[in-house]
Amino acid sequence: MDFDSNTEKLLRYIVYAIYIATSDDYSNFVQEYSSLDTHSGFGLMRANFINERLKEYIAKTSAMIHGFKRYSWQGRIVVDRENKQTFSVSTHANLKAVFSKKGRQIPHYLQSVLAV
């Protein structure tokens with residue numbers, strides 16, 4: 001797939017944000033709190049670090065981050081208005097589950113984005 005240089009730059013920032021958040025930021029967090037008796041919810045912290053890094057790196061581009069809330073969960077979508085594209089960060093397992101769950105009463109946010 002060929003991307004223009006702006007889209008390629010944006011994708012590089014997204015990938016780098018994910019890399020730094022899941023390696024450096026998350027590792028430092030785990031090390032700092034490794035002495036806790038339990039580690040419930042540690043895995044969920046990755047998403048918080050990714051969103052924080054996305055905010056930092058996307059600010060260097062013409063794209064923007066759109067925050068939204070679904071119940072108590074908060075999500076982020078990267079919006080590139082210039083090229084009319086959106087980007088969402090998700091695990092592979094979550095992406096597979098989005099489209100395999102039948103009979104949802106409320107659509108997953110990605111299904112809503114695709115419908116629009």
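**Close-up 1. Arg-46 lies over the face of Tyr-26 in this predicted model.** The distance to the ring centre is 4.2 Å. A charge counts as over a ring if NZ of Lys or CZ of Arg is within 6 Å of the ring centre and within 35 degrees of the ring normal. Residues are numbered from 1 along each chain as its sequence is written, and side-chain values use heavy atoms, without hydrogens or water. Local features need pLDDT of at least 70 and side-chain atom pairs count only at pLDDT 80 or more, while totals for chains, interfaces and linings use all residues.

**Close-up 2. Tyr-26 and Phe-29 form a tilted aromatic pair.** Their centres are 6.4 Å apart, with 35° between the planes. Rings of Phe, Tyr and Trp (its six-membered ring) pair if their centres lie within 6.5 Å; planes under 30 degrees apart are stacked, over 60 edge-to-face, and the rest tilted. Tyr-26 and Phe-29 sit three residues apart in helix α1 (residues 5–32), so about one helical turn separates them. Helices (H or I, at least four residues) and strands (E, at least two) are DSSP runs, numbered from the N terminus. Both residues of the pair, Tyr-26 and Phe-29, are buried. Buried means under 20% relative accessible area, exposed over 50%, and partly exposed in between (1.4 Å probe, protein chains only). Ring pairs join Tyr-26, Phe-29, Tyr-33, Phe-42 and Phe-49 into a cluster.

**Close-up 3. Asp-25, Arg-53 and Glu-56 are linked in a network of salt bridges.** A salt bridge places a side-chain nitrogen of Lys or Arg within 4 Å of a carboxyl oxygen of Asp or Glu. Between Asp-25 and Arg-53, the closest N and O atoms are 2.6 Å apart. This pair links distant parts of the chain: Asp-25 is in helix α1 and Arg-53 in helix α2 (residues 45–58), 28 residues apart. Asp-25 and Arg-53 are buried. For Arg-53 and Glu-56, the closest N and O atoms are 3.1 Å apart. Glu-56 is partly exposed, with a relative accessible area of 38%.

**Close-up 4. Glu-52 and Lys-55 meet in a salt bridge.** The N to O distance is 3.3 Å. Both lie in helix α2, three residues apart, about one turn of the helix. Glu-52 is partly exposed, at 46% relative accessible area.

**Close-up 5. Three strands form an open sheet in the order β1-β2-β3, with antiparallel pairing.** Two strands pair if DSSP finds at least two bridges between them. At the edges are β1 (64–70) and β3 (85–87), each pairing on one side only. Seven bridges join β1 to β2 (residues 73–80). Gly-67 stands opposite Arg-76 in β2.
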